[in-house]
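Me: I'm new to this one. Can you walk me through it?

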Amino acid sequence: MEQTIAVVGGTGNLGAALARRWAKAGKKVIIGSRTAEKAQEAAVRLSAGLDTAILSASNLDAARAADMIFEVASKDIHAYGLPLGHIP
């Protein structure tokens with residue numbers, strides 16, 4: 001079964017690098033951002049030249065859709081009032 005990886009706060013340098021590397025390895029990746037539009041712009045840019053498209057969503061929606069969550073923007077996830085490790 002294919003696992004989905006969410007990179008919350010994935011539009012910055014670190015998140016983008018992780019997302020692209022995992023996508024190159026054939027993983028299903030969703031980039032999250034505070035706004036879905038910013039995530040979409042990053043996903044399109046980072047998917048260029050890859051066999052697998054990187055998906056995009058808001059941070060919360062990316063986390064909800066994933067089997068594994070990598071949070072690289074520590075201040076953003078707390079804005080939702082959710083403790084780390086618990087995404088409904």
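This is a predicted model: local features need pLDDT of at least 70, side-chain atom pairs count only at pLDDT 80 or more; totals for chains, interfaces and linings use all residues.

Reply: In helix H2, the residues Ala-39, Ala-42, Ala-43, Leu-46 and Ser-47 are buried. Buried means under 20% relative accessible area, exposed over 50%, partly exposed in between (1.4 Å probe, protein chains only).

Me: Why do they sit on the same side of H2?
Reply: Because they cover an arc of only 120° around the axis. That arc is taken from the directions from the helix axis to the C-beta atoms.

Me: Which residues are exposed on the other side of H2?
Reply: Glu-37, Glu-41 and Val-44.

Me: And what covers the buried residues of H2?
Reply: The cover includes helix H1 (13-24), E2 and E3. Contact means heavy atoms within 4.5 Å.

Me: Which element has the lowest mean pLDDT, and which the highest?
Reply: Helix H4 (residues 74-77) is lowest, at 53, and strand E3 (residues 55-58) is highest, at 96. pLDDT is the predictor's confidence in each residue, from 0 to 100.

Me: New topic. How do E2 and E3 run?
Reply: Strand E2 (residues 28-33) and E3 run parallel, joined by 4 bridges. Gly-32 stands opposite Ala-57 in E3.

Me: What follows H2?
Reply: Gly-49, with a positive phi near 80°.

Notes: Residues are numbered from 1 along each chain as its sequence is written. Side-chain values use heavy atoms; hydrogens and water are left out. Helices (H or I, at least four residues) and strands (E, at least two) are DSSP runs, numbered from the N terminus. Two strands pair if DSSP finds at least two bridges between them.
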